[in-house]
Amino acid sequence: MVKRNVSLLLGTAVTVLCLFSSTASGAIEDVNFGVSTKAPGYSIKGKAHKTKTGLQFPLELRDIQDDEGIDLYGKTVKDLFVNVDFEESDRIRIKIADKNQKQVPVPDSPLGLERPKLRKAAKKRNYDFKYTSDPFGFQVIRKSDKAIIFDTTDYPLVFEDQYLEITTAVPSDANIYGFGETTLPNFRRDSIKNVTTIFARDAGCPFYENVYGHHPFYMEIRDGKAHGALLLNAHGMDVFTVDGRITWKVIGGILEFYVFVPDDDKPNSVVHSYTDLVGKPMMISHWMLGWHHCRWGYRDIDHVESVVKGYKDNNIPLEAKWVDIDYMDTFQDFTFDPKNFPEERMIKLGQDLHANRQRFVVMVNAGKHYISNYEAYENGHELDIFMKNPDNEEYVGQVWPGYTVYPDWFHPNISKYWNYHIGSWVEKLSLDGLWVDMDEPAAFCVGSCGTGKKDVQPISLEPWTLPQEKQDEMFAEEEAAIKKLAADYVTDSRDLLYPKYAINNGHGNLSTKTGSMISMHHGGVYHYDLHSLYGHSECKLTRDALIEHNKTERPFILTRSSFSGSGRYAGHWTGDNASKWKYLKSSITEIFNVQMFGISYSGADVCGFNDNTTETLCTRWQELGAFYPFARNHNAKAPPSQEPYQWETTAEATRIALGIRYSLLPYYYTLFEESNRLGTGVWRPLIFEYPEVDAFLDNDNQVLVGADILLSPVVYENETTVDAEFPPGLWYDWYTMKPVDDIVDSERTITLDAPLTHIPVHVRGGAIVPLKTPTLLVEETYESPYDLLIALDHNGEAQGRLYIDDGHSIEQSETSDITFTFKHGVLKVHGKFGYSKAEKLGTIKIVGAHIRGMETASTTNKETVNITKEDDAAVLEDLNIDLTSSFSLHFE
């Protein structure tokens, strides 16, 4: 045990007994990294019997002597049962639960995760399942190479009401990816005593600590083959990635594992399998691909309008303007600051943006002000939909407006409440989307600090600004009050406030800066058991409310807190990062992880949220952020403005990078359709596309957008070159269309020039990329003809895909799914041509050595088109070809 000063309540530095301290490498010192070797484990009681979907057998606690190894951190559960379900050829579920079913699993509902309804076991399976009877353990074995990919047989199983422990063996120095949400400098996890705490938490992105989301999913790549596993559990947990093993230590629930073993052993296919279970990422609208801008700290509506004008005056794209909590009357949801953001001006802002073909998004927070004559409170109180204390009074925390109550997303009346408030607010402002924040849920005090204080303002709306002595005093009073409330009213035998096993929660006390663990949801379920589902369930209800309001348009929701499957409902940004180079670099890792978790519409605050950015940092960040799946510049109220037009170099770099992004809009949109259909990420690490190349296992400085666009950004200060690794084959420089080189090598590192306004971008040889002519607006860009960039490989071949629909509707009556292939000098265009309003094909550009000798192209109707040579490219312009049916072009 070591003493550590931890910023707890209200920014208070309180000396507490903690189990850990972080080192510079991210390893955690003085944690119990070991396994509970004295735990007796379990044995199968009787025989296993077959079910329609697999196997089932009971477990009983093995014989013990002198009670050694039991009740380690809770009350030992003696009788368990195991269900093994062979759900799909690529997915197996192993559920270990208590016989009496007192433990709280993730709800089998859209607010948790709906389990597949199975009638029979999968017959052709990519895995085998084996188990030992005494002590009980199990293995999942990949059939294709007999590799044991999940193996608990050499480690104890611990199952207590507030402590579950299970371990799988992995190879030494295993290639592990995932587990989150946490801010990390590197995508590949090292095995030097790392612990990842998973428990939704409001924190400004401290490295190596738990933050907003809850994602107990990982992938391992072994000998070029990938598999993955999910522990479906919403309770707080520590996951230890130690050399030779992964150990889970969880403070509640059950052990419900899903192991994913795809046919082709590819990393992208693991994500495909995972999202088959948790749900595919939402399908976006065209406009969501544009550039977004926001800040916290706008003085008034004039300030907001000046930013819109600043983008236009500097010829920089701006698709969506966002307004943070500044617009609210005393930070109350669904209200207007009458002086600085009057209702009529806010309505007009939305109208003006729409007249300019731009979009409007505002924030909605979770907590609702605990005050009389405030409709969002009075209506919720009448419907009885707010979370309760164990004495059945409303739980009252504190957030921005002061004392606040919190909607209970599990209450049967919640849809009536939320549909009304969301629908009427969106209608009033003609909003295009909502930004859901503070949904961990966040709180500025411990426990129900506002009980009995309706219509009373706290001593400070920003209590972390109070003198330290006063903060300490408030913390002590609030902690004493929550302890008394628990002692007087909590009948649960568990210690919900201070479980004996203390996960390495960055705030220490589980109820600090979030909902009280003893507050209650509908049905008498404690927040302790549902905490990390709060933001996820709010996203589901918000999506439902937006669709109820407008049943045709794809909803836009951006959330801070998330859970496995949240990508079905919302996009996600990585939270309150800082204007520091390490956060620019780590944004790649964070987005890789979030993409892997099935939230493909994701990004980081460009140029950083907290602290002061610099011209150089913001320029480099704009270059990379222009390619984020969700691309938005956002900063806090204290730092100076960081719009990209604040510096000319930043503005120029932004115009260049966003020009490329907007050119690539059809490519991005096709990737998002693929993500919505298959689950694969839009951003991908090189190792996901080339798992056979060991050099890419720890490459998290470069990004593949899909499979065909390679980004090699500068992410370190004062650098003007990039040492870029290139996959096998040809790669063409986006700007010159010259090949990088002609060497076919599996491991190539090349130093690229990257002056301040330049981000190296390359196109894969063998790709056909659909393009548009970029303008300042997405809608205008989409009105231009389609162009094709054909980047030939060494064999003079290429292929690509284009998905087309109307770009905004939930249900599509017409879609096109077009495949392009170039081989032997012939471009063939075929597929499904259901969308009748597609813009025509205007220009084709072909690059590669095989263009030598090309002079003309003839169409299916024998019409001849002359080819123009531009440097190393063959170009056909003004084609005006309909993309409504198949055709081919023969190049001679």
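Buried, here, means under 20% relative accessible area. By that cut-off, 11 of the 14 residues of helix 12 are buried, so the rest of the structure largely encloses this helix. Keep in mind that this is a predicted model.

**Helix 12**

- Helix 12 covers residues 665–678, which makes 14 residues.
- From its first C-alpha to its last it reaches 19 Å, close to the 20 Å expected at 1.5 Å a residue.
- Who's buried in helix 12? The list is L665, P666, Y667, Y668, Y669, T670, L671, F672, E673, E674 and S675.
- As a reminder, an α-helix has 3.6 residues a turn, so residues three or four places apart point the same way.

- Strand 44 runs over residues 786–791, and six of its six residues are buried.
- Strand 43 (residues 767–771) pairs with strand 44 in the antiparallel sense, over five bridges.
- Within that part of the structure, P770 has L788 of strand 44 as its bridge partner.
- Strand 48 (residues 841–847) runs parallel to strand 44, and six bridges join the two.
- A791 stands opposite V847 of strand 48.

- Strand 27 spans residues 402–405 and pairs with strand 25 over two bridges, in the antiparallel sense.
- Which residue of strand 27 is the bridge partner of K368? That would be V405.

**Disulfides**

- C445 and C449 form one of them, with their sulfur atoms 2.0 Å apart.
- The torsion about the S-S bond of C445 and C449 is about -70 degrees, so this disulfide is left-handed.
- C445 is buried at a relative accessible area of 0%, and C449 also counts as buried, at 10%.
- C607 and C618 form a disulfide too, their sulfur atoms being 2.1 Å apart.
- For C607 and C618 the S-S torsion is about 80 degrees, so that disulfide is right-handed.
- C607 lies in the loop between strand 34 (605–606) and helix 10 (615–625), while C618 lies in helix 10 itself, so the pair ties together parts that are 11 residues apart in sequence.
- Is C607 buried or exposed? C607 is buried, and C618 is too.
- If you number the bonded cysteines in sequence order, the pairing reads 1-2, 3-4.

- C294 is in no disulfide, and the nearest cysteine sulfur, that of C607, is 14 Å away.
- C294 counts as buried, at 0% relative accessibility.
- C539 is in no disulfide either; its nearest cysteine sulfur belongs to C205 and is 17 Å away.
- C539 has 0% relative accessibility, so it counts as buried.

- Leaving aside residues up to four places away in sequence, T514 touches Y395, E440, P441, A442, A443, C445 and H531.
- One of those contacts, C445, is the cysteine that forms a disulfide with C449.

Note on methods
Residues numbered from 1 in each chain as written. Predicted model: local features only at pLDDT ≥ 70, side-chain atom pairs only at ≥ 80, totals over all residues. Heavy atoms only, no water. Pairing = 2+ DSSP bridges. Helix = DSSP H or I, 4+ residues; strand = E, 2+ residues; numbered from the N terminus. Disulfide = S-S within 2.5 Å. Buried < 20%, exposed > 50% of the residue type's maximum accessible area, 1.4 Å probe, protein only. Contact = heavy atoms within 4.5 Å. Expected span 1.5 Å × (residues − 1).
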